[in-house]
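Hi,

Here is the structure I promised to pass on. My notes on the sheet and the aromatic side chains follow below it.

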Amino acid sequence: MAQNHPDRGQRGLPGGAPRYSAFALAKKAMNYHQDWQRAWRDPEPKAEYDAVIIGGGGHGLATAYYLAAVHGLTNIAVIEKGWIGGGNTGRNTTIIRSNYLWDEFAAIYEHSMKLWEGMSQDLNFNVMFSQRGVLTIAHSEHELREMSRRVHAIRLNGIDSEILGPAEIKKFVPTINIDQSIRYPVMGGFLQQRGGTARHDAVAWGYARAADDLGVDIIQKCEVTGLRRQGRKIIGVETSRGFIKTKKIGCVVAGHSSVVAAMAGIRLPIASRPLQALVSEPIKPILDTVIMSNAVHMYISQSDKGEMVLGAGVDKYNSYAQRGSFPVPEHMLAAAVELFPVLSRLRMLRHWGGIVDTCPDASPIISKTDIEGLYFDCGWGTGGFKATPGSGHVFADLIANDRPNKIAAPYSLDRFRTGLLIDEHGAAGVAH
């Protein structure tokens, strides 16, 4: 199971970056906030690093931070084709939870939850982690029985979860429609009080600032064009800004993992598909929790700016486009309006898509490859954001020690050879 007290690494900012605080904010206001220090440097790539992390999203930055903070490896570069947090990290619905059925998923996501709960203090950066609860709705007797099974399994793994009836749900979420005559009536649900949301951009910025303070080079606008091998061993990475020599490469590029893997001459068992989301125009606060509806595959929360944030399932086709098709948002909006009639006259403000990479068993890959020095952290599907700190923590351990710890071990590439798959299609709440 998950570690009780994960090694979070060095606290504070040992490199000397000024700490953020209410006092610092008031002091800087006296000068109209004109002299804030840059959050992280913009360095030129060195000729050689001890390790290179490809991908400047939340997972990649977390990996670099924990490599430096926990394992003391500071001669590291994070290479990002675009800008920090410009991929899936900034294109998701920000939901965080650890209420998973299988032991392997419970371990990694509860490990992640414990890191979330101290992240703002660890990084000296407010990631706006709000434990407002995640409520998953049942729309049939079958779903309700399945939820009971799930809750018992979750509790056996030491994770908080409880069943609510329709009246309790109405009390918890006054704006929800529990009329039994609707197409998908609310029969009950299960709640994880410790779940919630965080500010996705702040997570990337916080990890980037803290990693930079520990000496990590964050190199943006640097495209990887090839991985250089010597036999079965990695010796460096080709980029649009020149060749970088290194003995270890950690690939954390989400939907583009198969593209980078092909550069090394290997093939990963993953498929990339768009995952859509949208936000409405902002309104006054009406929803202070996260609602997930599995039967219609819709989830909704309200942002700190008042926007209603909605997401659904992946599109049915493979694509690298950061956009989606009309049927998915049409379906999710119909479900949202049925559960929350008060939303019927809202207008959509923004609509976008991220690129998710999914494995046949809907579980991630956290693994070294048969090429010495090449590691992959990918295949998170729709559950990547909530895993950010836990994924980075265990992936850093794998890169530093060249062997997985007990949390990462089930997610090795070897499982596709041995058949020990982790069938977690219920990760999005639509199976089991």
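In β16, Tyr 299 is the bridge partner of Met 292. Please keep in mind that this is a predicted model. The strands β15 (residues 290–293) and β16 (residues 298–302) run antiparallel and are joined by three bridges.

Both belong to an open sheet of eight strands with mixed pairing, ordered β6-β7-β5-β15-β16-β17-β14-β18. At the edges are β6 (162–164) and β18 (348–358), each pairing on one side only. On average, neighbouring strands are turned by 20 degrees against each other, direction ignored. Helix α5 (residues 141–156) packs on this sheet, touching β5, β6 and β7, and its direction makes about 20 degrees with that of β7. Helix α9 (residues 327–339) packs on the sheet as well, at about 130 degrees to the direction of β17.

Now to the rings: the structure holds 12 aromatic pairs. In one of them, Tyr 20 and Trp 36 have ring centres 5.7 Å apart and planes at 75 degrees, so the pair is edge-to-face. Tyr 20 is partly exposed at 29% relative accessibility, and Trp 36 is partly exposed at 32%. The charged end of Arg 209 sits over the ring of Tyr 20, 3.6 Å from its centre.

Phe 105 and Tyr 411 also form an edge-to-face pair, with centres 6.0 Å apart and planes at 65 degrees. This pair links parts of the chain 306 residues apart. Phe 105 is buried at 2% relative accessibility, and Tyr 411 is buried at 0%.

Best wishes

Definitions and conventions: Residues are numbered from 1 along each chain as its sequence is written. This is a predicted model: local features need pLDDT of at least 70, side-chain atom pairs count only at pLDDT 80 or more; totals for chains, interfaces and linings use all residues. Side-chain values use heavy atoms; hydrogens and water are left out. Two strands pair if DSSP finds at least two bridges between them. Helices (H or I, at least four residues) and strands (E, at least two) are DSSP runs, numbered from the N terminus. Axes are lines fitted to C-alpha atoms, for helices over the stretch in contact, and angles run from 0 to 180 degrees between N-to-C directions. Contact means heavy atoms within 4.5 Å. Rings of Phe, Tyr and Trp (its six-membered ring) pair if their centres lie within 6.5 Å; planes under 30 degrees apart count as stacked, over 60 as edge-to-face and the rest as tilted. Buried means under 20% relative accessible area, exposed over 50%, partly exposed in between (1.4 Å probe, protein chains only). A charge sits over a ring if NZ of Lys or CZ of Arg is within 6 Å of the ring centre and within 35 degrees of the ring normal.
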